[in-house]
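Here's a quick tour for anyone meeting this structure for the first time. Have a look at it, then read on.

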Amino acid sequence: MSSADMAFTDGFSGSVVPRQRIMFRTLGQRLLLNSLRLMARKQRLRLGLIAALGIIIWSGLLYLFLEGFHFLRGFDFSGNVSLGVTELIFGLFFVSVTGLTLFSTGLMIYGNLFSSPETAFLLASPARADQVFAHKYRETLFFTGWSFFLLGTPMLIAFGILYEASWIYYVIMPFYLVGFLLLPSAIGAMACMLIVTFLTRNRRAVLIAVVGIVVIAASTWVISLLQGMQKDRVSPQWIEKLIEHIKPTKNSPPASWMTEGLVALVRVKGDVSLIWKSAFTDKEELAPLLDALYYLGLVWAYGLVAYLIASLMATVWYRDAYDMVMSETGGRRKFGASWTDRFVTGLLSWSDIRTRTFVLKDWRTFRRDVSQWAQVVILGGIMFLYCISIPSLPHGQYAERERALIGLLNVAVTGLMMATFTSRFVFPLMSMEGRNFWILSLLPIKRDRLLTSKLAYAATFTTLISTTLVLLSELALRLPWPIVVTHLVGMATLTIGLSSLAVGLGAYLVNLKETNPSKIATGFGGTINLLCSLGYAILVVIATSIAGFIYYSGAYLSEQGLVSFNKFLPWLGLTFLLLFILGGTAIAIPMRLGRRAFRTMEF
Amino acid sequence: MIELINVSKAYGSKEAVRGISLEVKKGELFTFLGPNGAGKTTTIKMLCGLLKPTGGTLKVGGYDIQTQGDQARQILSYVPDLPYLYEKLTGREFMQFIITMYGMDPQAGWQRMEEMIDLFELEDFVDDLSESYSHGMRQRTVFASALLHQPEVLIVDEPMVGLDPKNQRLVKDLLRDQVKKGVTVFMSIHTLDIAQELATRIAIINHGRIVGQGTLDELRNKAEHGGQLEDVFLKLTQDSEAVAA
């Protein structure tokens, strides 16, 4: 009997799967431990920065959630509805996370399973297909889950604090969070496997169709939500109508299990002896704990069953699917036939030919990567939803100043979306050059031009999209032109600065070893960039709000005949100067850091 | 030990491998030659089970790679042209991973690893993270890992690329030694003088078809050219180009 037969029949009979399971778990732990050790030894500053920023953000979120839940607790229209509203917010949150996790896992696991050099290595070894899948699934879950934990833990801890939950709540709550991610991520993985295996020829069309259906369904839901609300101000009736529309999310599993379970869990009393006695006497006392455990069981059971199905699919189809992906040729392309290429070239006609050439290279790379543009379509869909909902919001009866505040909030929301957008798509641009860097570095041009071309690429697109959205919302809000101009200048300053931060920091914190852009965006550099971008967005929004405040203060006081409006013009000028200084700093510092790192980079 | 029966592989409408048949016996060093894009790497990837053939059968050690792929991969080792190492593992940790992967007895595996460390002179860097390795160090580590479980079949794709003369010599000696021990080596290579120096038998592939197969003398006869392997190779590939045209 050969060694292969030994391994698969008697020698290791029944032990191959557990052995490989332990092996991959050990591998994952060792990779993580070595990375942390390396950071602790050589990159203490980096590790410290991550820890400090993580703590600051987490604490800030905890504070915000505490205040939010406190506000909801006091929001009493018709008796005590606070817990009901909180349940609805939980429902909405968990439904949103379900959708986002499903999509992001599906897209990320595609990259991890089919275009990672590690999987090629593992599939050429005796590693079982389901074990390779499990290994890459865990990795994907780790990358998609951390932001959920960053947002979810302060929210649930704040909920526990406010409703005076016992220690049992804090012990069981993390299991809810971990278990919750299993179901949507396993469904995402299943969808990825099915699409790759059975839709080889029409994968692109199917993806477009799926994304389109999701966007249309969400748009329909939002439109139906906003219908009949136009003429109301924010009132108890308005909130009640909103609650009626949000209710289905509360009843959609696994979000509903999470909500029901956590609400039951917060009611569990922490006295163990009382629980023990209740087991024999008053079963009523035990009901919240039993409910909490029942829903936790549901969350985990469905999640694990979904994972098991995904794993079985991988056992049967993964190798075939891998072969199909590797056997694709992508088809021939006629040079110069793409209208989008011509559009991009036209859009950048203000720049020189070399910059345009670099931008076109990046654009072609981007549009040919389905996983990249599919995410843009999702983000764009969310923005579109937001845009179409603006005219339907209950602002009709508001005074101009209140509408201006809504306009400012629009700038803030668009800015935050753009911060996410640049962190996800612009930041990885430099790292994605990867092994091709030597080609670029040997070109007879200054390396700085590569950076400026990426900045031109990012800034042109993001500014065009964001200012168009803001202009549309300002027109819908019927705001006066000085406010429209202020908001547009604020938005342009914001997006150009965000692009510069992403390009500059992308070069400074470059990761040439990683080929998956999602991982680059969610790694250390991407996180730092996201945090800096959010901080910068907040500063620009504050500066823009000061300009609005000065404008309306001046208008009010001049209306009262107290002070001439002209006296406020220098102050308005100063706020614009403040905006330009902020924008200039956001361009100068990261680009300088990026240029310096890029000039000295060795290939 | 390796058997390809009428194997084809298509990428969409493009046929990369067209009905090739080969047999490599135990203890042979079989070199697989061909111009760029001829179908060498595709054939090798099918042998490892990374790609599935569009038609035909591939067997390694008697195992059909499509139906008994796990068993086949248990007895083979594949060293690709761009070998993979986990950047955040040391060479020793990587080898330990391989030992577990192939289900070796831990104690025997550890002993074997020490032998490989000595053989490939890895001692100086085996406990460093592999992200700091040079190309030569990476290649030596990959070869050491590939031989840990004492494979019956060693499949090597372009092993000499980027190696200095000392490391090239090391790889050549290693391959000879493996063949002496009865290991079957299937090697794709562009350096024809090394192929001529090492090969027991040679196959030349062009446009997905085998245009010549056998010992160097048999190939010389087929090409009707008595020169070096380089001349024979050019003659056979040119002839096949003419036939294709």
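## Chain B at a glance

Keep in mind that this is a predicted model. Chain B has nine helices and ten strands. Its radius of gyration is 18 Å, close to the 18 Å that the globule rule gives for 245 residues, so chain B is as compact as a globular protein of that length. The C-alpha trace spans about 55 × 40 × 30 Å along its principal axes.

Of those 245 residues, 49% count as buried. Take the contacts in chain B between residues at least 6 apart in sequence: 69% of them join residues at least 24 apart.

## The cores

The largest nonpolar core has 143 residues, and B:Leu47, B:Ile155 and B:Phe186 have the most contacts inside it. Apart from it lies another core of 65 residues, including A:Phe358 and A:Val541.

Which residues does B:Ile155 touch, leaving aside neighbours within four places in sequence? They are B:Ile44, B:Leu47, B:Cys48, B:Leu76, B:Tyr78 and B:Phe186.

## The six-stranded sheet

Six strands of chain B make an open sheet with mixed pairing, in the order β6-β7-β8-β3-β9-β10. β6 (76-79) and β10 (209-214) stand at the edges with a single partner strand each, so one side of each has no neighbour in the sheet. On average, neighbouring strands are turned by 15° against each other, direction ignored.

β6(B) and β7(B) (residues 153-157) run parallel, joined by four bridges. Here B:Val79 sits opposite B:Val156.

## Helices on the sheet

Helix α5(B) (residues 135-147) packs on the sheet, touching β6 and β7 of chain B. Helix α6(B) (residues 165-180) also packs on the sheet, and touches β3, β7 and β8 of chain B.

Terms used
Residues are numbered from 1 along each chain as its sequence is written. Chains are lettered from A and ligands numbered from 1 in the order in which they are written. This is a predicted model: local features need pLDDT of at least 70, side-chain atom pairs count only at pLDDT 80 or more; totals for chains, interfaces and linings use all residues. Helices (H or I, at least four residues) and strands (E, at least two) are DSSP runs, numbered from the N terminus. The radius of gyration is taken over C-alpha atoms; the globule rule is 2.2 Å times the number of residues to the power 0.38. A residue is buried if 20 or more other C-beta atoms lie within 10 Å of its own, exposed if 12 or fewer, and partly exposed in between; C-beta atoms are placed from the backbone. Two residues are in contact if their C-beta atoms, placed from the backbone, lie within 7 Å. A nonpolar core is a set of buried Ala, Val, Leu, Ile, Met, Phe, Trp, Tyr and Cys residues joined through C-beta atoms within 7 Å. Two strands pair if DSSP finds at least two bridges between them. Axes are lines fitted to C-alpha atoms, for helices over the stretch in contact, and angles run from 0 to 180 degrees between N-to-C directions.
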